[in-house]
Amino acid sequence: MKNTNLSLEPKVKVNETFSTDDYNLFKRLEGNRVLNMVHVKRLEESIAKNGMLQIDIIVNENFQVIDGQNRLQAARNAKSIVYYKVCRGYGLKEAQILNENVKTWRKIDYLDSYCELGYGEYVKFKKFMNDFPYFNFSSCEKILQQISSYRQDTVGGERTTSKYFETGNLYIPNLKESYVIAGKMLDIKPYFEGYNNTTFVSAMLSIFRNKEYDHGEFIRKLQTRGSARLEFCQNMEQYKLLIEEIYNFRRQGSKINLRY
């Protein structure tokens, strides 16, 4: 292996591993994936503990990073040596192919990582999941953020993006209320096996916001054998229509609209 700076050589040798601590040698390839700072932090801690693993960063002849941006940044942060290999002619297409072959991080992976880094909102999220193991990840996310629609672009009054969870910007507006909501969902468990279904949870979150809704009255209706029964539906609107029908069964006084 050579410990050299390729920029000083008249000809760049390809398919040979080099090493350097000159981080400014490398350039970002426009259009490539952004850094995953959680992954960078974990790599940095690993380097500090175990040293830099000899996994080559792949660059093209212009030293644009095709694969290994996170490893490069971690090495920079840890002031560690960088191992790299030059693949002449590589560009964005090759970078995308390499990225596709890398295991995609799931939200649970981000959760574990941010918890490891001590991010408070993520620690609360994980504890909530442990307290309510009956709900899947998506249902927990909706209950904690009290969002009933995937299209909602605000959380707790703050504008967010579809990648807020992955970028470390999780915000739990009212943890205490989320526990109350989870308790209400458990009230339904004896009457419907799909009580923890993500779509059903979304429908109930929408209904809980209705000021005319009385949870005790709904549970009493579920206990009444003469009323309609909860059953699996294809979407939120069907669930809300069914819930409204059950809620209004033999109801004294005016019927309540729970769909809007």
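Me: Are helix 6 and helix 8 roughly parallel or roughly antiparallel to each other?
Reply: This is a predicted model, where local features need pLDDT of at least 70, side-chain atom pairs count only at pLDDT 80 or more, and totals for chains, interfaces and linings use all residues. Residues are numbered from 1 along each chain as its sequence is written, and side-chain values use heavy atoms, with hydrogens and water left out. Helix 6 and helix 8 (residues 198-208) pack at about 10°, their axes 9 Å apart; axes are lines fitted to C-alpha atoms, for helices over the stretch in contact, and angles run from 0 to 180 degrees between N-to-C directions. Angles under 35 degrees count as roughly parallel, over 145 as roughly antiparallel, 65 to 115 as roughly perpendicular and the rest as oblique, so helix 6 and helix 8 are roughly parallel.

Me: Which residues of helix 8 make the contact with helix 6?
Reply: Helices (H or I, at least four residues) and strands (E, at least two) are DSSP runs, numbered from the N terminus, and contact means heavy atoms within 4.5 Å. Helix 6 brings Ser138, Ser139, Lys142 and Ile143. From helix 8 come Thr198, Val201, Ser202 and Leu205.

Me: How is helix 1 oriented to helix 2?
Reply: Helix 1 and helix 2 pack with their axes 8 Å apart and an angle of about 50°. Helix 1 is therefore, relative to helix 2, oblique.

Me: How many nonpolar, polar and charged residues are in the contact of helix 1 with helix 2?
Reply: Helix 1 contributes His39, Val40, Leu43, Glu44 and Ile47, and the residues from helix 2 include Asn70, Arg71 and Gln73. Ala, Val, Leu, Ile, Met, Phe, Trp, Tyr, Cys and Pro count as nonpolar, Asp, Glu, Lys and Arg as charged, and the others, Gly among them, as polar. The division is six nonpolar, four polar and two charged.

Me: Is Lys79 buried or exposed?
Reply: Lys79 sits in the loop between helix 2 (69-78) and strand 6 (82-86), and its phi is positive, about 55°, although it is not a glycine. Buried means under 20% relative accessible area, exposed over 50%, and partly exposed in between (1.4 Å probe, protein chains only). Lys79 has a relative accessible area of 70%, so the word is exposed.

Me: Is Tyr23 buried or exposed?
Reply: Tyr23 is in the loop between strand 2 (17-20) and strand 3 (27-28). Not counting residues up to four places away in sequence, Tyr23 touches Ala75, Arg76, Lys79, Ser80 and Val82. Its relative accessibility is 13%, so Tyr23 counts as buried.

Me: Which helices are included in what covers the buried residues of helix 4?
Reply: Helix 4 (residues 107-116) has Asp109, Tyr110, Leu111, Ser113, Tyr114 and Cys115 buried. Their cover includes helix 1 (37-50), helix 5 (120-131) and helix 6 (137-145).

Me: Is the ring pair of Phe132 and Phe135 stacked, edge-to-face or tilted?
Reply: Rings of Phe, Tyr and Trp (its six-membered ring) pair if their centres lie within 6.5 Å; planes under 30 degrees apart count as stacked, over 60 as edge-to-face and the rest as tilted. By this rule there are 23 aromatic pairs. The rings of Phe132 and Phe135 have centres 6.2 Å apart and planes at 55°, so the pair is tilted.
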